Amino acid sequence: MAATGSSGAKARDGWSSRSAFILAAVGSAVGLGNMWRFPAEAGANGGGAFVLFYIFCVALIGLPILLSETLIGRHGQSSAPESVRRIAKESGKSSHWDTLASFGVLGAFLVLSFYCVVGGWVLYYIGVFAQDLFSTGVTGGAFEGRPAGDIEALLPSLFGNGGLMVGLHIAFIAITFYFVSRGVSSGIEWVATWLMPAFFVLFLLITIYGAFTGAFSEALSYLFTFDASKLTGAVMLAAVGQAFFSLSLGVAGMMTYGAYVGRDVNLAGTSGIIAGADTAVALLAGLCIFPIVFAAGLEPNGGPGLMFQSLPIGFQSMPFGSVVGLLFFVMVFFAALTSSVSLMEAPTAWLKDKAKVTRPMATLIVTVAALLLGILAALSFNDLSDFQPFGFIPLFEGQGMFDVLDTVTSKVLMPIGAIMTALFVGWVAERRLIDSENGLSGGLEKVWLFLVRWLCPLALITILIVGIFPSILGE
Ligand code: TRP
């Protein structure tokens with residue numbers, strides 16, 4: 001059990017140690033965002049320029065906000081909106097600031113609904129590689145003797161099978177439900193402490209395998225050659241959005257996890273570890289995926305198809321391709337599950353507080369609601385591709401439900417949540433209270449405060465406006 005809250009002596013369910021918190025938070029941050037979205041975004045946005053700007057965003061915007069979010073949670077010791085309300089009250093400010101976190105809780109719920117859809121695809125590819133392993137054996141490449149077009153067609157044919165898409169989504173969200181309903185220390189922490197170390201071992205092995213058997217140097221120069229002419233407004237926007245998604249920021253996830261941290265933990269230190277680990281995994285994921293893709297002579301700009309189409313083709317020509325392919329998707333599943341539990345925990349904690357229901361009940365309600373919304377997202381790839389209920393809004397023009405959920409969270413709710421968090425911590429909450437929580441002193445504290453007060457809000461407001469009205473960039 002973690003330390004009790006500032007508000008009472010009742011023992012609460014919480015992380016059993018500092019390292020449990022770090023593993024859970026790294027588990028939340030490291031997920032499909034690193035393995036699937038980062039390489040795809042880097043590929044779609046010209047490689048090196050995107051990567052460099054991404055690192056810059058993590059350090060100057062992501063890290064200060066990460067510290068702000070965990071700090072709010074730890075001081076409030078409650079679900080995200082309740083934590084904000086408590087701090088506002090202690091600071092003599094309007095309790096309506098809790099709206100900032102309510103948006104966040106909504107955002108986490110929306111991300112959960114489409115995240116579990118992609119989690120379902122990961123389960124599907126585990127099945128595909130497992131089946132291939134049984135039929136072709138360990139030694140050769142994956143899918144021996146089958147034309148690349150066949151492998152590429154696996155994804156569209158999955159999209160075309162509505163029943164399977166929904167079934168996989170339900171399977172993934174049910175697994176998430178199981179762990180979240182068991183509670184923080186015996187469910188979420190359990191997942192993180194077993195799956196994250198397993199993830200890291202697999203990840204290093206596969207990256208080393210890619211380095212020896214794939215086109216490693218080509219991948220290296222692709223990801224790290226900085227070409228300033230490629231750094232356009234759109235690329236910068238994509239980089240900030242990716243940094244936020246990857247660090248689980250802007251939607252109350254890290255506030256919720258912060259509430260379970262003991263008083264003795266230095267939040268600045270842990271934030272640095274979390275952001276560092278997440279960024280290292282994103283960069284290494286590029287160095288894991290691109291060598292395999294390049295070795296097969298494929299193009300890097302595969303977009304979402306990168307992990308689910310190009311990579312499986314890459315495994316075809318690699319020694320032990322079926323085994324490594326299977327391990328790869330198992331590893332991605334581990335990363336995705338430790339993230340989806342955090343996405344589910346934010347609305348669950350809120351509902352548990354708000355409606356005074358038990359944890360299993362709160363988890364069940366969140367799961368069923370996200371499941372139904374996720375079905376619309378899952379079917380938007382084919383059966384419901386014409387169902388575009390928000391198409392009349394320019395921001396969502398031509399988008400099915402999956403894309404609408406992605407756009408509304410990453411372009412609207414995440415920036416708003418992060419702006420309000422920065423303003424709240426930088427200007428609204430009482431200084432004494434913030435100073436006692438942040439674990440910083442001297443020059444570093446001044447730098448952090450400057451970033452939270454000025455750079456983060458200004459940069460994020462720009463991002464919000466340009467994200468909603470892309471024509472400003474005139475590109
Ligand atoms: N960060 C996770 C990833 O990279 C996704 C995620 C988990 C998330 N929790 C979040 C994204 C909260 C936004 C907010 O895959």
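This is a predicted model: local features need pLDDT of at least 70, side-chain atom pairs count only at pLDDT 80 or more; totals for chains, interfaces and linings use all residues.
Figure 1. The rings of Phe333 and Phe334 form an aromatic pair with 6.1 Å between the centres and 50° between the planes, a geometry that is classed as tilted. Phe333 has a relative accessibility of 13% and counts as buried, and Phe334, for which the corresponding value is 17%, also counts as buried, since the cut-off for that class is under 20% relative accessible area.

**Figure 2. Arginine side chains placed over aromatic rings.** Two such arrangements are shown here. In one of them, Arg37 lies over the face of Phe245, at a distance of 4.6 Å from the ring centre. In the other, the ring of Trp427 has the charged end of Arg453 over it, 4.4 Å from the centre of that ring.

**Figure 3. The largest cavity and the residues around it.** Searching the whole structure for cavities of 30 Å³ or more gives two, and the largest has a volume of about 160 Å³. Its lining is made up of 16 residues, among which Ser28, Val111, Phe245, Ser248 and Leu343 lie nearest the centre of the cavity. The elements that contribute two or more residues to this lining are helix 1 (18–29), helix 2 (32–44), helix 5 (98–136), helix 11 (233–246) and helix 15 (321–355). Sorted by class, the lining of the largest cavity comprises eight nonpolar and eight polar residues, with no charged residues. Phe245, which is among the residues nearest the centre of this cavity, is also the residue whose ring face has Arg37 lying over it.

**Figure 4. The second largest cavity, with its lining residues.** The second largest cavity has a volume of about 30 Å³. The residues that line the second largest cavity are Glu69, Leu100, Ala101, Gly104, Gly250, Val251, Ala252, Met255, Gly417 and Thr421. Helix 5 and helix 17 (401–428) are the elements that give two or more residues to this lining, and helix 5 gives the most, with three residues. By class, the lining of the second largest cavity has five nonpolar residues, four polar residues and one that is charged.

**Figure 5. The whole chain, as the setting for the close-up views.** The secondary structure of the chain comprises 19 helices and zero strands. The radius of gyration is 22 Å, close to the 23 Å that the globule rule gives for 475 residues, so the chain is as compact as a globular protein of that length. The C-alpha trace spans about 70 × 50 × 45 Å along its principal axes, and of the 475 residues in the chain, 59% count as buried.

Terms used
Residues are numbered from 1 along each chain as its sequence is written. Side-chain values use heavy atoms; hydrogens and water are left out. Rings of Phe, Tyr and Trp (its six-membered ring) pair if their centres lie within 6.5 Å; planes under 30 degrees apart count as stacked, over 60 as edge-to-face and the rest as tilted. Buried means under 20% relative accessible area, exposed over 50%, partly exposed in between (1.4 Å probe, protein chains only). A charge sits over a ring if NZ of Lys or CZ of Arg is within 6 Å of the ring centre and within 35 degrees of the ring normal. On a 1 Å grid over the protein atoms alone, a cavity is a set of points where a 1.4 Å probe fits but cannot get out, and a pocket is an open set with protein on both sides within 12 Å along at least five of seven lines; lining residues have an atom within 4 Å of a point. Grid points are joined across faces, edges and corners, and a volume is the space filled by probe spheres set on the points. Helices (H or I, at least four residues) and strands (E, at least two) are DSSP runs, numbered from the N terminus. Ala, Val, Leu, Ile, Met, Phe, Trp, Tyr, Cys and Pro count as nonpolar, Asp, Glu, Lys and Arg as charged, and the others, Gly among them, as polar. The radius of gyration is taken over C-alpha atoms; the globule rule is 2.2 Å times the number of residues to the power 0.38.
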